[in-house]
Amino acid sequence: MHTNPIAPRSLGSVQDLVLATPGRLPVEVQIADRQIWRDLTCQNFMELDCEAAAPGPFNFSALLARFSDSLAAEMCVSASRVTRRQVDADRCTQAYFKLVWQFSGQGRIRQGGHDSELRAGNWAIYDTAKEYVFESSERARFLVLLLPQHESMGWSPAVAALAGRALPGGGVARIVFSGLSAMLRDGTPLDDESQKTLQDSTIALLERALEGHCRDQISEISGGNALRLQRVKAYILDHLSDPSLTPEKVALTFSMSRRSLYNLFLECEETPRAYIQQVRLDRAARLLKNPASFEFPVAHIARSCGFVGQSHFSRAFHARFGVAPSQWRGPHETEA
């Protein structure tokens, strides 16, 4: 893994702020002003509270590049803390999964009840639709990757289980982050098709890495509970079209109390009600994009996924993906 320092150009004022643009050359910046750092971070990523850990000299340098709907940035920063408040997350119309790979120094990630220290080679994933805190030690170097959730369908259960945990490096994850770091330093602009290919391959590879870590976590759960949870989830997936599918009905089917069912899902940091809603929305999103389903109206898709009313489905879909079902489907949308 390379250890070359970042050597970017300086920014002198807020007016000099640069935004990474899809397909363009990576943006190189060097900042010694806290306010410019805060503004640049919020404009390139999302609304965040950025605080330096000490009143002394402050330095921030970065290489940033957008590709398709994603953003990669390699950073070196003075000791600091970045906080995503829930009120800001609730106002945001776009949801992302955020990943960080620690090159040097230490980081600390907190989300979903987990509080983990990141050392060189560790990585972590978290959900920008939920509050989190990320802290960096002095002159820590790390790579941040921002991926749109609407392109990462099916990740939510894994992220719910792994968010805020320090994940060991190596394997697929290291290949992905090393490749993105090389892309940032290559400096070659990418056309639209190349950007989409890079984004799709990044998502596919990281999905494999997440699956592996989820399997490792399940193996740490008592065998009986892990098997029971898998059976419950399989039952839910098989009965998504049933509008009467509720946690209470699932608990009754498996001869357990509602509280026992919720305790079972605590193992993966999720509630059964949220899981049912999530997999219904993910299935609906896939069907809306599937050419074989273009002849069916949105209302039919909603009913086939267990949603009773189209208005409720539309609100839930927009909250999850940031667009209406008809916008998600595009020109193939059918109203009747």
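Reader: What is pLDDT, and what is its mean for the protein in this model?

Author: pLDDT is the predictor's confidence in each residue, on a scale from 0 to 100. The model is a predicted one, and 90% of the residues of the protein reach a pLDDT of 70 or more. Over residues 1–16, however, the pLDDT is below 50, although this stretch has 41 contacts in the model beyond near neighbours in sequence. Taken over the protein, the mean pLDDT is 85.

Reader: Which residues lie nearest the centre of the largest pocket?

Author: The largest pocket has a volume of about 800 Å³, and its lining is made up of 32 residues. By class, this lining holds 12 nonpolar, 13 polar and 7 charged residues. Nearest the centre of the pocket lie D127, A129, K130, Q278 and R320.

Reader: Which helices each supply at least two residues of the lining of the largest pocket, and over what residue ranges do they run?

Author: Q278, which is among the residues nearest the centre of the largest pocket, is also one of the buried residues of α9. The helices that each give at least two residues to the lining of this pocket are α2 (86–91), α3 (156–162), α9 (272–289) and α11 (310–321).

Reader: How far does α9 reach from its first C-alpha to its last?

Author: The helix α9 has 18 residues, and its buried residues include P272, Y275, I276 and L288. At 1.5 Å a residue the expected reach is 26 Å, and the model comes close to that figure. From first C-alpha to last, α9 reaches 26 Å.

Reader: Which element gives the most residues to the lining of the largest cavity?

Author: The structure holds 2 cavities of 30 Å³ or more, and the largest of these has a volume of about 160 Å³. Its 16 lining residues divide into 12 nonpolar, 3 polar and 1 charged, with T41, M75, V82, F134 and F142 nearest the centre. At least two lining residues come from each of α1 (34–44), β4 (70–77), β5 (80–84), β10 (132–136) and β11 (140–148). The element that gives the most, with 3 residues, is β10.

Reader: Which residues line the second largest cavity?

Author: The second largest cavity has a volume of about 60 Å³. By class, its lining is made up of 4 nonpolar, 4 polar and 2 charged residues. The residues that line this cavity are G23, R24, P26, A65, R66, M183, G187, T188, L190 and Q195.

Terms used
Residues are numbered from 1 along each chain as its sequence is written. This is a predicted model: local features need pLDDT of at least 70, side-chain atom pairs count only at pLDDT 80 or more; totals for chains, interfaces and linings use all residues. Side-chain values use heavy atoms; hydrogens and water are left out. Contact means heavy atoms within 4.5 Å. On a 1 Å grid over the protein atoms alone, a cavity is a set of points where a 1.4 Å probe fits but cannot get out, and a pocket is an open set with protein on both sides within 12 Å along at least five of seven lines; lining residues have an atom within 4 Å of a point. Grid points are joined across faces, edges and corners, and a volume is the space filled by probe spheres set on the points. Helices (H or I, at least four residues) and strands (E, at least two) are DSSP runs, numbered from the N terminus. Ala, Val, Leu, Ile, Met, Phe, Trp, Tyr, Cys and Pro count as nonpolar, Asp, Glu, Lys and Arg as charged, and the others, Gly among them, as polar. The expected span of a helix is 1.5 Å times one less than its number of residues. Buried means under 20% relative accessible area, exposed over 50%, partly exposed in between (1.4 Å probe, protein chains only).
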